[in-house]
Amino acid sequence: MEYKLLGESIQIKELNETIKQVAPTDISVLISGESGTGKEVAANAIYFFSKRKDKPYIKVNCGAIPEGIIESELFGHQKGAFTGAIETRPGYFEMADKGTIFLDEIGEMPLATQVKILRVLESGEFMKVGGNKLLKVDVRVIAATNRDLQKEVLNKNFREDLYFRLKSINLNIPPLRERKMDVKILFNNFVEGFCKKNNVTFKGIDEEAMEYVINYAWSGNARELRNFCESIIVLYPDKKLNIEDVKKHLISESPENRSLPVIQMKAREQIEKDLILRALFELKSDILELKNQIQENGTKEPHFKVLGDDFFLSKEEINSMSFDEIEKEILLYLLNNNNWDVNKVARSLGQTPRNIYLKIKKFNLSKKVS
Ligand SMILES: Nc1ncnc2c1ncn2[C@@H]1O[C@H](COP(=O)(O)OP(=O)(O)OP(=O)(O)O)[C@@H](O)[C@H]1O
Ligand SMILES: [Mg+2]
């Protein structure tokens, strides 16, 4: 886990100072900033320098939990609270007792849940879904958002009282383009980390190319820089990079070049499509092989298969479909074949049920009524 905000800029230095000051207290902190600026790293740092370091640290991505189950995820539920609630379960707040909870993307939290979060912040109290007993926990809250919460308050998407409660300590991480001094440090750090982890070497980058990297707009901030570092190491294992190499991967965002990234996107989509196609074929042949082996050994069929022989998409169909469309088809097939048992489908894919619920919502899937 990364818990150090690297950077030499005055902004990062000040942020690190503030983190050191607030970390040891129990004050809740709101971290804001564009996507990829390092909000999660900052949250990790607060946890790491806090007195709760040896206690639980629970990260919750509020934007990734469907509205219908967010309260039971956060506060737990009582047995019988809703269909499928076969046992009483603790929620994240209970699990984080004495420790820290990181509410990421808090701007995505439904208004009705925000009231309950405010209550936990003020008194530590909450009730399980379907429960009637007031529970109390001791949890330090760190929240993050890439939305402008003040605007969300004006648009009535975010409760003003919760906003005021949270923003008393607000760490705003400026975009990378406003702290160009940090680019080189991050670049070196990402390159070094990736090389070490993958046991590869990087031949370096010349001065002119580095200048270009430093002045690039980095609209995806440090995350985009990290991805860039990783791809150049993979693509140029034996070469010191010059400005031409770098430019191929960093298209200037000036108006005359606006159309270029689209071409890049297309290429990426194609690569993704190829990858999924290959994965699908490999999966299918693995399953066939497994089946043959089992039959040869005279044992029974495996108790479940990920994709059965009846799942079929022609090569033409796959080529004309987007990555999302293929994923949607596979998911729908699996759900229909497993009686819409989301837990089972999630297990067979090695995913969390929450992820599957999310996809169901994203693709607007519903059970076939026959
Ligand atoms: N100052 C920094 N020092 C070291 N690593 C950083 C820094 N800022 C960002 N990173 C790295 O960049 C990547 C993106 O950071 P992070 O996930 O914290 O961004 P985020 O603000 O939470 O983004 P999002 O809003 O999309 O969730 C991570 O790999 C993180 O380790
Ligand atoms: Mg994040």
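Start at Ile205. Leaving aside residues up to four places away in sequence, Ile205 touches Met210, Lys240 and Leu241. The model is predicted. Ile205 sits in the loop between helix H8 (181-198) and helix H9 (207-215). Is Ile205 buried or exposed? Burial here takes 20 or more other C-beta atoms within 10 Å. Ile205 has 23, so it counts as buried.

Now turn to the nonpolar cores. In soluble globular proteins, nonpolar side chains tend to be buried together. The largest nonpolar core in this model holds 42 residues. Ile31, Ala42 and Ile46 have the most contacts inside it. Helix H2 gives this core its largest share, five residues. Which residues does Ala42 touch? Not counting residues up to four places away in sequence, they are Leu5, Leu15, Ile19, Ile31, Leu171 and Ile173. Another core lies apart from the largest one. It has 16 residues, including Val183, Val213, Cys229 and Ile232.

Next comes ligand 1. Its shell has 17 residues. Leu6, Gly38, Lys39, Glu40 and Ala222 are the closest. By type, the shell divides into five nonpolar, seven polar and five charged residues. Helix H2 (39-48) supplies at least two of the shell residues, and so does helix H10 (221-235). Why does ligand 1 lie between domain 1 (10-174) and domain 2 (177-250)? Because both domains give residues to the shell around it.

Terms used. Residues are numbered from 1 along each chain as its sequence is written. Chains are lettered from A and ligands numbered from 1 in the order in which they are written. This is a predicted model: local features need pLDDT of at least 70, side-chain atom pairs count only at pLDDT 80 or more; totals for chains, interfaces and linings use all residues. A residue is near a molecule or strand if its C-beta atom, placed from the backbone, lies within 6 Å of it. Helices (H or I, at least four residues) and strands (E, at least two) are DSSP runs, numbered from the N terminus. Ala, Val, Leu, Ile, Met, Phe, Trp, Tyr, Cys and Pro count as nonpolar, Asp, Glu, Lys and Arg as charged, and the others, Gly among them, as polar. Domain bounds come from an automatic or database domain assignment. A nonpolar core is a set of buried Ala, Val, Leu, Ile, Met, Phe, Trp, Tyr and Cys residues joined through C-beta atoms within 7 Å. A residue is buried if 20 or more other C-beta atoms lie within 10 Å of its own, exposed if 12 or fewer, and partly exposed in between; C-beta atoms are placed from the backbone. Two residues are in contact if their C-beta atoms, placed from the backbone, lie within 7 Å.
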